Amino acid sequence: MRAEALRVQGALALLRHAHAHPGVTRAEAAASLGLSSGSATEIMGRLRAARLLAERPVTAPSGGRGRPSTELVAHPEGPLVAVVELTHATWSVTTAAIGGELAPAAVHRHRGGPPAEVLAEVRAALDAVRRDAGDRLAAVGVAVPGTVRGTTVVQAATLRWRDVDLAPLGGGLPLTVGNDASLAGVAEALRGAARGVPVALHLTVEVGVGGVLLVEGRPVLGATGAGGEFGHVPFGEPGLACPCGATGCWDVTVDGRAMARRLGRPAPDDPRGFAAEVLAAARRGDGDAGAAVTEAAAALGRGVGALLNALDPAVVTLGGLGADLLDAAGDALLAAARPAAMAWRRAALPPIVPAALGSRGPSIGAAESALGAVLAGLAQDLLTRR
């Protein structure tokens, strides 16, 4: 019984290691986990038989010597998760397997109508995925631009949604739902610029600011899962109304809406698209556009400086428009962050870097969340069956 329990634990360890380190060879995984070559071979046999992992040859450099190596990959008949990403203007549905790689996804625009209308389109796409995947589909992960508790979007200001339960998207499968910026932070901690960092802060600017504090790669989401709404901290202009119902929110001082006010334009229907146009104009030498970009970057920097005081991260990763502002007006961003930080921090601010995963961050994070549920279920199943 003890020997069998150890074999099960070894199988779980190898499965999780292969998921966390795509492309790892069997020899590398065995060394990392302290397994003998024979044990690794026996465990891989079990995982292959269970249709969880497979192996493929690693292409050796020309003239290489020694025994050919193999890398551990998802089994071609293994479990899949469906991945849904909703933004203020678009939606997409794709799949991911063990190892986290996303299949290509078509991006569809929605009209910002009632939740039932948007979700009907998403459900139809999920139904198509279920038909294609059959019993391989094991869970669904969803990223949304709003505050989430459980499977409910309690408020998504840019979508004008309140108390929308996404449970029907699961279709009876395990369902994980998360804020898009928080999930992008999870992705950066697991696969991107914050990997291996003990305490990291991720901020995404799209329409407003979202993000998450990550400790040892795990998101700090508060008592109900609704943490990370940094955009609704009053770092902004006092008295300026935010669609969330509060005033003075940081959200409306760092994105396309702020740029439009600076330029004397009406509030744009698509703040992210408008911001991209202003950034392009600034790069062409338009002085007014450049000033609007610099002002938004400074507003972002002041908030970052304040969060350094409150959260003490070792690195700050910026996604979406935040990465664009860092690229276009990084000096202004840092110049605003330093005086907002406590004096002892200013000489050596932690690195403030662009997110490595770009626009894929929320979907990768949603995939990781759903695959985490799948791996937990597999662990329970293996332990029960032993």
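A residue is called buried here when its relative accessible area is under 20%, exposed when over 50%, and partly exposed in between, with a 1.4 Å probe and protein chains only. By that rule Leu 166 is buried, at 0% relative accessible area. This is a predicted model, in which local features need pLDDT of at least 70 and side-chain atom pairs count only at pLDDT 80 or more, while totals for chains, interfaces and linings use all residues. Residues are numbered from 1 along each chain as its sequence is written, and side-chain values use heavy atoms, with hydrogens and water left out.

Start with the whole chain. It has ten helices and 15 strands. These are DSSP runs numbered from the N terminus: helices are H or I of at least four residues, strands E of at least two. The C-alpha trace spans about 70 × 50 × 45 Å along its principal axes.

Now the surface and the interior. Of the 386 residues, 49% are buried. The accessible surface comes to about 17,700 Å², and carbon and sulfur atoms hold 54% of that. Areas come from the Shrake-Rupley method with a 1.4 Å probe; for residues, only the protein chains shown count as cover. A contact means heavy atoms within 4.5 Å. Among contacts between residues at least 6 apart in sequence, 62% join residues at least 24 apart.

Return to Leu 166. This residue sits in the loop between β9 and β10 (175-179). Setting aside residues up to four places away in sequence, Leu 166 touches Leu 119, Val 142, Val 144, Thr 151, Val 153, Leu 175 and Val 177. Arg 284 is 118 residues from Leu 166 along the chain, and their C-alpha atoms are separated by 43 Å.

Val 83 lies in strand β3 (residues 80-86). Val 83 counts as buried, at 1% relative accessibility. Beyond its neighbours within four places in sequence, its contacts include Ser 92, Val 93, Thr 94, Leu 102, Gly 141, Ser 363 and Ala 367. Leu 333 is 250 residues from Val 83 in sequence and 34 Å away in space, C-alpha to C-alpha.

Next, the aromatic rings. Rings of Phe, Tyr and Trp (its six-membered ring) pair if their centres lie within 6.5 Å; planes under 30 degrees apart are stacked, over 60 edge-to-face, and the rest tilted. The count is one aromatic pair. Phe 235 and Trp 250 have ring centres 5.3 Å apart and planes at 70 degrees, so the pair is edge-to-face. Both residues lie in the loop between β13 (218-220) and α6 (256-262), so the pair ties together parts 15 residues apart in sequence. Phe 235 is partly exposed, at 31% relative accessible area. Trp 250 is buried, at 0%.

Finally, the backbone. Most residues other than glycine have a negative phi. Arg 51 has a positive phi, near 55 degrees. Arg 51 is placed in the loop between α3 (37-49) and β1 (53-57) and is partly exposed, at 43% relative accessibility. Asp 163 also has a positive phi, near 50 degrees. Asp 163 belongs to strand β9 (residues 161-165) and is exposed, at 56% relative accessible area.
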